[in-house]
Every structure is written in C-alpha cells, then in structure tokens.
Amino acid sequence: MIMETLLTPTLELDKEGYLKNPAQWTPELARDFAAKANIVLTDKHFDVLNWLRAKHAEGVPLTIRKVGASGLVDIKKFYELFPGGPLKVSSKIAGIPKPASCI
Amino acid sequence: MKNLVILGAGAAGTMMANKLHHALNPVEWKITIVDRDNVHYYQPGFLFIPFGLYQPEDVVRPRTDFLPKGVTFIEQEVDRIDGNHDQVILSNGQTLHYEVLVVATGAEVVPEETEGMKAELWYKDIFDFYTFEGSTQLAKKLQNWQGGNLVINLAETLIKCPVAPLEFTFLADAFFEDKGIRDKVNITYVTPLSGAFTKPKATAMLSTLLDEKKIKVVPDFYLARVDNERKVLVSYDEQEVPFDLLVTVPVNKGSKMVERSGLGDEDGLNFMPTDKYTLQAKKFDNVFVIGDATNIPASKAGSVAHFEGEILLENVLSYIQGEAMEARFDGHSNCFIETGHGKAALIDFNYETEPLPGKFPWPLLGPMDLLKPTRLNHVGKLAFKWVYWHMLLTGKTLPVPTHMSMSGKITEEEIV
C-alpha cells in the first residue's frame, strides 16, 4: 500500500498508482494525475473522464472499443488525448481502477 | 406442451440440448434446436491444421450426430429474437414460440471490421486460423513458404480461446525448426495487450518461453489498418510492423442475429448482456445465454461452456419450477496451452483467481502440472478431442469439478 499526498487529502493508491476509492476523485486531482503523464486536460478530456467514471459506477467493464463507440471520441482521437495505453492512462486520471481484462 | 428453444448447435447449444433432454419431462416439454447448417466443427482442432498435425476431416461432423433423438433440429438461419412476445423468427418467416430460450450462437471472426484486412492479400499473405477455410488455406501456404517475417497479430483484446494465438506461435516455431528453416524466419507476436497474456503469473511463464524461442513481442499495439501495398500493420497511434506472412486473429463478434434483435452489448460486438453468475439474459427473465455468445468476463472457450452448462441446467430447472436460481458460475476456465515439440502447459482459473502453479486435479499426485510445459499435458490436449466428441457434446459429466478448486494450487504465500 502506498500513501501519497496530492494537494490536501490523503489518497490511497494501489501498487500501480491507481486511486483506490473513486469517490476521492476531483477535477483538480485529475489535472495532477494528468500532469504526471504530461497531459494538459481540456474539456474533451473531461468529457471522456466523466463518461469513464459513469460507466465504472454502473459496473460496466471498459474497453478501448467501448470508448470508441461512446459517441464522444473515436479510437484515433482517444489515442491522441491519452497517448500510450489510452484506457490505462485515462482510467488512472479518471480515478477508477486499472481496466481488468477478462482472459 | 411447453417449448424450450435453443439457438445454435455448436458446443454449448449441443451440450445443453443433451442435458435438458435428459432432465425435462418429454410429455411436458418440447425441445427445439436451430442452426443455419448441419456442420459441426471441432474448433480447438483448427490450431493443428496449418502444421499438418490434424487433417481437415478430423474436425468435421454432422451436428445431428450429437443431438438426442427426442430433440427437433431445424436447419435454418435465425432472423431475430422477439423477446417481448417470447418468440424467435427464422429467415424463412417461420416463428417459434418459447417458454424458455437458450442462446448459444457463439462468436465468429469478422476480418471486415479492420481496414485492409480482407483485401488483396487475404488468403495470399494474410490468413486467419479460427475458421475451417482459414486454417486449411494456411496449411497450403506453410507447406511451401521459404521464410521471412512471420507476424501473429490480435486485432482485438476480446477473442475466443485467448491462448490460441500463443499456441500457434509456439507451434510455428517448432514447425520451422523441424523443417530446418527456423533461422530464415523472424517471428513477431503483436498484441493489443500489455504483455503476452493478461494474468501476471501466466504472462511471466509465457514470456520466458517466448524469449527462449526468440520470438519478439510487440505489446500495446492496437491495430487500425493493414497496408496491403507496403505489407505493414499500422496501429491507431501510427506504430508500424512489417510482415511477409501475417497470421491474424481478426475482431471477434457475436452473431449478427443478436444485432438484428437489438440485444447486443454497447461496444457493438454483438455479445449479449448476461448475468455473470446465473447466466440469465439481462433483458428477459426467460432467456438464458451460454458459451461465446455472452458478454460475461470469462474466457470464450469450450471448457468454460462446459462449466457454464452445469450451472445453466440447474438454473433453467429452478426457473421452470418457479424457484430462486441458486447455482452460481464462478468464471471457471481450464485450458491446455500447446508449447511445441510435444509439450503443453495447463492453466486453471476463475473470475477471482489467476492461473497458479501446482498440480491438477489432485495435490502432489497431479498427474497434470499447472503453468509448466510437460509431455503429459500435451497428451491431455490431444485426448481432449476424444472427450469433446464423446463426452462434452453429449452432456456427460467430466472428471473435473464445475467450480474451480484451490486444491493442488500453490499460492503466493506458499511460494514465499
């Protein structure tokens, strides 16, 4: 367990730096996480982050394809917004757990 | 007379037809199973065909050979499910009313989903091995191929039999070694996953094997298109991998019938939202889903369909009796992984527990070793073909527990 202080609250992160409790997430925290990944968040980023958080709260397993089918961004744009592994990067910034794979 | 209708006479549908026929009173229930044709493929056998280890005729039987006499088989395409009126509409306009519906329409590869996949080079330098046609065409290609860049690619993370591409890779390595041209072949494994596999301990074991066999892994590569002219794979973030021979696992989707019925998951892949414990469809109480057709977070594999079958039978019977459904599927999956040269590894896992090392099914005695390539596991893999035709399809109980057991597995605490 790693405790890390970002801004004011004490946040509990998992081994890979994902927020353990999505309820602790704030837009400021997202900007902080994003800065670590060299991303400056725009409104478009926040649209995707809010969508991810809503889907996670519904218990929907997330995939890159699902984000691409969300109507918010296509897959190409998703990669542009969150370079590298977009689902992993965006999940971390959205304060939800690392996307689990089924297999 | 009440009606129980099963859509799909593949592994899952056929085994359910047998189990339900055995369990339901034939005076009270009529069981009908529908499929578009009467050809049953032993899909695990497709892996061996490209290397000449199985012949095409080893993997084909009529579906009706495995259906019990009292079950009605209708050879017709299903147009759609009309769940609000408890009926299925077939392509010829015939309607089937049901009290209970079991959807077992499986998954299929859809190369058309990826730009440039099914184009000039299809079945010339680009092959799949998840279909009868693909695996037999690839067998011809490999007979005369003289070497170059062999690329194995997964177009999507959600595919049936997720270990099969790795098995193909290991078998290819052994095949070219035996042919004496391994030094002329570069093998590259290109995957949208972050590593060879998803679960940490299995990935570690498989990565070691890939290293030993000098197979290069390109992770986090999400295929956007295939450039036929330049013969390169291009990812969404513009990474490129050149190939001379591409063996692809195209995007896998559920049946188009699911899409026509408006019952697919929101990712557009046509898998049906299903309760991962009871296997009841999310949308209709009297509809159940089994095998590759579901959207549950378990592997799409024959062993999973088998374990689900035991649960589904109990829950369908409870539902019919008006009782609470108490059987719970735990995500149990059990797969042999061919590693080449007559050896295979074995993994056994579920929703909660990743594949662990140890012995299977009994502690110490085994006789199978988990997460370790052995000759005995390979014998087990080959024996599975007999088990499949003679026991699995006909709904017999296999000597493997339905729920995953920790017995024989070595946990992290014990290793440390």
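This report walks through some of the salt bridges in a predicted model.

## The overall count

Let's start with the general idea: side chains of opposite charge can pair when their charged atoms come close. Counting over all chains, this structure has 28 salt bridges. Here are a few you can look up yourself.

## A bridge between two chains

Take K88(A) and D220(B): their side chains form a salt bridge, with 3.1 Å from N to O. K88(A) sits in helix α5 (residues 86-93) of chain A, while D220(B) sits in the loop between β14 (216-218) and β15 (223-227) of chain B, so this pair joins two chains.

How open are these two residues? K88(A) has a relative accessible area of 23%, so it counts as partly exposed. D220(B) is partly exposed too, at 28% relative accessibility.

## Bridges inside chain B

Now look at K381(B) and E167(B), whose side chains meet in a salt bridge at 2.7 Å, N to O. They are 214 residues apart, so to speak in distant parts of the chain: K381(B) belongs to helix α7 (residues 375-392) and E167(B) to helix α3 (residues 164-179), both of chain B. Both K381(B) and E167(B) are buried.

R182(B) and D173(B) make another salt bridge, again with 2.7 Å from N to O. Is R182(B) buried or exposed? It is buried, because its relative accessible area is 15% and the cut-off for buried is under 20%. D173(B) comes in at 3%, so it is buried as well.

Definitions and conventions. Residues are numbered from 1 along each chain as its sequence is written. Chains are lettered from A and ligands numbered from 1 in the order in which they are written. This is a predicted model: local features need pLDDT of at least 70, side-chain atom pairs count only at pLDDT 80 or more; totals for chains, interfaces and linings use all residues. Side-chain values use heavy atoms; hydrogens and water are left out. A salt bridge is a side-chain nitrogen of Lys or Arg within 4 Å of a carboxyl oxygen of Asp or Glu. Helices (H or I, at least four residues) and strands (E, at least two) are DSSP runs, numbered from the N terminus. Buried means under 20% relative accessible area, exposed over 50%, partly exposed in between (1.4 Å probe, protein chains only).
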